[in-house]
Amino acid sequence: MAADPEPPIRALDAVIRVADAPARLEESTASFLQSRGVEGEDLEAMLSAGADRMLVYRKLVHNRITHAIRDFIPRALALRTRERTREDVAAFMEAHAVRSPYLRDAPREFVEWVEPRWRADPEVPGHLHDLARHELLALDVRNDPRGGEPATGLPVALDRALRFDGSARRVSYAYAVHRLSSDADASAPEHAPTHLLVYRDAKAKVRYLELTAFAAAVLDELLVRSATVTVGLQRACERLAEPLTDERLATAAELLADLVERGVMLGAEP
């Protein structure tokens, strides 16, 4: 178990994270620091440095994180004012902060944390969180070192799992955000359950394949859960409360053939 940080470190952490830290420091810097256990020579040194210097550090940290988030989800944040974004980041820092040591992980942690906050705010467009997730996903697929693996050379077998391209992802949204233009499109997308297979093609371009509810359920089993073909099809139909008919088998066969042609399905696992 890690030891508790020294009081000056704990106080500086509070300066950075506590939402009302600027107001409380302005009211009484000494009281704020003492409430974090700072005393004696440490208190004198921090008081000598002054509240303004500590708040400059707070601003630098918040700005660095805000800029990283904006770099990763620019289209989503274009629908938020800068003031609202600063408020979101301040609330995120106080409640959660960045757990990863890598700045590149800050946008994902923020998007995961901010969902209930945005959902509860009537001023936030309903599709904003889906759009933020979609922007992060596009970057993930584009930069994933996996992908482009060779085919297994084995035909589909009902008792085997299937191998898929390493860049492939399955995602569902409440809004069809993938249909928005690549520019800062402020229009509202269709509010409809949307299922996608996202992958990187042979030319390293991110592609989006819209899926039916059945195709999405099948890929959740075969791609995400690595079920065998038989088990995956059975579970997919159970999930939709439908029987596994010859028609469904034919639809699944067409889906897999299409994915082979796209270079997404690489054959049966050895």
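## Exercises on salt bridges, strands and surface patches

Arg-84 counts as partly exposed, at 32% relative accessibility. The model is predicted, and the exercises below refer to it.

**Exercise 1.** Find which side chain meets Arg-84 in a salt bridge, and state which parts of the chain the pair ties together.

*Solution.*
- Step 1. The partner is Glu-123, with an N to O distance of 3.6 Å. This lies inside the 4 Å cut-off for a salt bridge.
- Step 2. Arg-84 belongs to helix H7 (residues 82–95) and Glu-123 to the loop between helix H8 (106–119) and helix H9 (128–143), so the contact ties together parts that are 39 residues apart in sequence.
- Step 3. Glu-123 has a relative accessible area of 58% and is exposed.
- Step 4. A search of the whole structure gives 22 salt bridges.

**Exercise 2.** Determine which residue pairs with Asp-88 at 2.8 Å, and whether Asp-88 is buried or exposed.

*Solution.*
- Step 1. The closest N and O atoms of Arg-117 and Asp-88 are 2.8 Å apart, and the two residues form a salt bridge.
- Step 2. Asp-88 sits in helix H7 and Arg-117 in helix H8, so parts 29 residues apart in sequence are tied together.
- Step 3. Buried means under 20% relative accessible area. Asp-88 has 1% relative accessibility and counts as buried, while Arg-117, at 34%, counts as partly exposed.
- Step 4. Both residues belong to a network of salt bridges that links Arg-80, Asp-88, Arg-117 and Asp-121.

**Exercise 3.** Locate the residues of the salt bridge between Glu-269 and Arg-163, and state how many residues apart in sequence the parts are.

*Solution.*
- Step 1. The side chains of Glu-269 and Arg-163 meet at 2.8 Å, N to O.
- Step 2. Arg-163 is part of strand E1 (residues 162–164) and Glu-269 of the segment after strand E5 (265–268), so the parts tied together are 106 residues apart in sequence.
- Step 3. Glu-269 is partly exposed, with a relative accessible area of 25%; Arg-163 also counts as partly exposed, at 32% relative accessibility.

**Exercise 4.** Describe how strand E3 pairs with E2 and with E4, and explain why E3 is largely enclosed.

*Solution.*
- Step 1. Strand E2 (residues 169–175) pairs with E3 in the antiparallel sense over 6 bridges. Tyr-173 has Thr-194 in E3 as its bridge partner.
- Step 2. E3 pairs with strand E4 (residues 206–211) in the antiparallel sense, over 6 bridges. Arg-200 is opposite Val-206 in E4.
- Step 3. E3 (residues 191–200) is largely enclosed by the rest of the structure because 7 of its 10 residues are buried.
- Step 4. The hairpin of E3 and E4 has 5 residues between the strands, and Ala-204 there takes a positive phi near 65 degrees. Most residues other than glycine have a negative phi. Ala-204 counts as partly exposed, at 48% relative accessibility.

**Exercise 5.** Identify which residues make the negative patch and the nonpolar patch on the surface.

*Solution.*
- Step 1. The patch of negative charge gathers Glu-6, Glu-39, Glu-41, Asp-42 and Glu-44.
- Step 2. Glu-44 is in helix H4 (residues 40–49) and counts as exposed at 58% relative accessibility.
- Step 3. Val-56, Tyr-57 and Leu-60 make a nonpolar patch of about 300 Å².
- Step 4. Tyr-57 is in helix H5 (residues 51–72) and counts as partly exposed at 40% relative accessibility.

How values were computed. Residues numbered from 1 in each chain as written. Predicted model: local features only at pLDDT ≥ 70, side-chain atom pairs only at ≥ 80, totals over all residues. Heavy atoms only, no water. Patch = residues over 30% accessible without salt bridge, like charges linked within 9 Å, V, L, I, M, F, W, Y side chains within 5 Å. Areas by Shrake-Rupley, 256 points an atom, 1.4 Å probe, with all protein chains shown as cover. Lys, Arg positive; Asp, Glu negative; His and termini not counted. Charge placed at Lys NZ, Arg CZ, Asp CG, Glu CD. Helix = DSSP H or I, 4+ residues; strand = E, 2+ residues; numbered from the N terminus. Buried < 20%, exposed > 50% of the residue type's maximum accessible area, 1.4 Å probe, protein only. Pairing = 2+ DSSP bridges.
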